[in-house]
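Hello,

Here is the structure I promised to pass on. Please have a look, and then read my notes below.

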Amino acid sequence: MSEQEKINDYDSEPIAFCAKCFSPKIIHEASIDIDYCGDCGCSSIKEATVEEWDRLYEKKYGHKYVVKSNDPKRSPVFKLPLNKLMDKLFNLKQWKSIILSLYPRFPGGLGKADSIVLFFDTIIKDNKLTDFRLKMMEYIKG
Ligand SMILES: [Zn+2]
C-alpha cells in the first residue's frame with residue numbers, strides 16, 4: 001500500500017461512538033473488558049466512518065460535536081464583550097425567560113430594549129455577570 005493510500009485508508013477508518021448520545025468519548029474498562037460512553041455511561045457502542053458519525057451527530061443535535069471543556073470560563077460566551085453579550089440577549093427569543101431566571105421579580109412593564117438595559121445595570125451592580133454568562137451558555141453554542 002502506498003503512503004497516500006494509507007492516509008486515505010485512515011480517513012475511512014471507522015470510529016466508535018456511543019449508540020445513545022453519540023459521544024465519541026469511549027472509555028475502555030480493562031478490568032471487566034467493557035467499553036462505555038464517557039459522557040452518559042451507556043455501554044452500547046456503534047461504529048461508523050468519521051463522516052457518517054459527524055452527519056449523525058449533527059442531525060441529532062443540530063450542531064457539530066464540540067469537545068466539552070471542564071472549565072466553562074473557556075467557552076466563547078466568556079470571551080464576549082458586554083455589548084456583544086447584550087446583542088446576543090436582545091436577539092434571543094427567550095430573552096425574557098433568561099432575565100426572569102436570574103431575577104424572578106424583574107419588572108414586567110418595560111419594553112425589550114429598556115428591560116435589557118435595566119437587566120445589565122442590575123447584574124453588573126449585583127456582580128452576577130458570571131451567573132448570566134453561565135446561563136447564556138445554554139443558548140449560545142460553539
Ligand atoms: Zn453516551
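How are H4 and H6 oriented to each other? Before the answer, two points on the model. It is a predicted model, in which local features need pLDDT of at least 70, side-chain atom pairs count only at pLDDT 80 or more, and totals for chains, interfaces and linings use all residues. Residues are numbered from 1 along each chain as its sequence is written.

Helix H4 (residues 95–102) packs against helix H6 (residues 129–136) at about 135 degrees, and their axes are 11 Å apart. Helices (H or I, at least four residues) and strands (E, at least two) are DSSP runs, numbered from the N terminus. Axes are lines fitted to C-alpha atoms, for helices over the stretch in contact, and angles run from 0 to 180 degrees between N-to-C directions. H4 and H6 are therefore oblique to each other (under 35 degrees is roughly parallel, over 145 roughly antiparallel, 65 to 115 roughly perpendicular, and the rest oblique).

On the H4 side, Ile98, Ser101 and Leu102 meet Asp131, Phe132 and Lys135 of H6 (contact means C-beta atoms, placed from the backbone, within 7 Å).

Ile26 has Cys37 in E3 as its bridge partner. Four residues lie between E2 and E3, and Asp33 in the turn has a positive phi of about 50 degrees.

Lastly, Val50 belongs to helix H2 (residues 50–61). Val50 and Phe17 are 33 residues apart in sequence, with their C-alpha atoms 9.9 Å apart in space.

Best wishes

Key
Contact = placed C-beta atoms within 7 Å. Pairing = 2+ DSSP bridges.
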